[in-house]
Amino acid sequence: MTARDRGVLIGIVSLALLAAGWFLLVAPEREKASKLGASVSAASTQLASAEAELTSARAAQARYASAYASIVNLGKAVPPAQEVPSLIYQLDQASNQKQVEFNSIVTGGSAGPGGSASAAATAASTAASSGFSQMPFTFVFNGNFFNLEHLFQQLNRFTQRTVSGRLVISGRLLTVQSVKLGPLTSSGNAQAARGVLSGSISATAYVLPASQGLTAGASPAGPAGATPAASPSGSPTTPAIARVTP
């Protein structure tokens with residue numbers, strides 16, 4: 001065998017050894033590396049998704065207190081029970097502010113012409129379509145013409161419609177069907193001589209359906225069924241408390 005033949009043979013053997021090393025050692029490791037890269041990519045995607053959910057959950061937790069307070073305020077507008085005493089208190093406060101005497105409240109009433117604003121009509125239609133229980137009332141106030149007018153305007157502003165079409169409700173939701181003014185008939189001539197009139201308002205309040213609750217079991221500390229989150233040290237964190245001004 002010549003030197004040239006030995007060189008060719010050594011080259012062939014070297015190439016065979018390199019090929020065998022590639023298929024036996026390098027190729028399996030590259031395949032493992034490829035699989036590990038896919039696993040890392042999937043884990044990174046899951047981590048990013050979990051971080052996004054965590055950020056969203058923390059934002060919702062931060063908004064919970066104000067959202068709960070808003071629900072409670074809506075519960076004042078449309079309570080789960082009749083809450084007639086609170087309605088009387090609200091009307092008494094409004095009448096005192098306008099120097100008007102709150103004479104009486106009678107359950108039941110009928111719609112009459114005039115006096116109802118578009119916001120009140122919209123609120124009544126929405127309440128009826130939502131299945132709210134309607135509570136008709138007739139309120140009677142005594143006062144002079146201008147004080148009664150200011151009081152009626154304030155009661156009408158309990159429900160206002162914004163330019164965007166939203167309803168802004170202050171206190172108990174009331175829709176006014178009719179307003180009537182007339183002379184006093186049972187208080188003698190002294191008040192009548194001072195220009196005191198009797199103002200009668202036919203209005204409707206609303207109550208949540210019996211099948212619905214106000215907060216669906218939620219409390220100021222958290223939604224129904226929620227458990228306090230644990231801090232990194234393992235001790236439970238203190239939940240945010242929603243405070244509602246009565």
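**Strands and helices**

Modeller: Glu-101 stands opposite Asn-142 in β2. This is a predicted model, with residues numbered from 1 along each chain as its sequence is written. Local features need pLDDT of at least 70, side-chain atom pairs count only at 80 or more, totals for chains, interfaces and linings use all residues, and side-chain values use heavy atoms, without hydrogens and water.

Colleague: How many bridges join β1 to β2?
Modeller: There are 6, and the two strands run antiparallel. Strands (E, at least two residues) and helices (H or I, at least four) are DSSP runs numbered from the N terminus. Two strands pair if DSSP finds at least two bridges between them.

Colleague: What order do the strands of the open sheet have?
Modeller: β1-β2-β6-β5, 4 strands with antiparallel pairing. β1 (101-107) and β5 (174-183) are the edges.

Colleague: New topic. At what angle do α2 and α4 cross?
Modeller: Roughly 140°, with the axes coming within 9 Å. Axes are lines fitted to C-alpha atoms, for helices over the stretch in contact, and angles run from 0 to 180 degrees between N-to-C directions. That makes α2 oblique to α4 (under 35 degrees is roughly parallel, over 145 roughly antiparallel, 65 to 115 roughly perpendicular, the rest oblique).

Colleague: Which residues make the contact?
Modeller: Leu-91, Ala-94, Ser-95 and Gln-97 of α2, with Leu-151, Gln-154 and Leu-155 of α4. Contact means heavy atoms within 4.5 Å.

Colleague: Which strands does α4 lie across?
Modeller: β2, β5 and β6, running at about 160° to β2.
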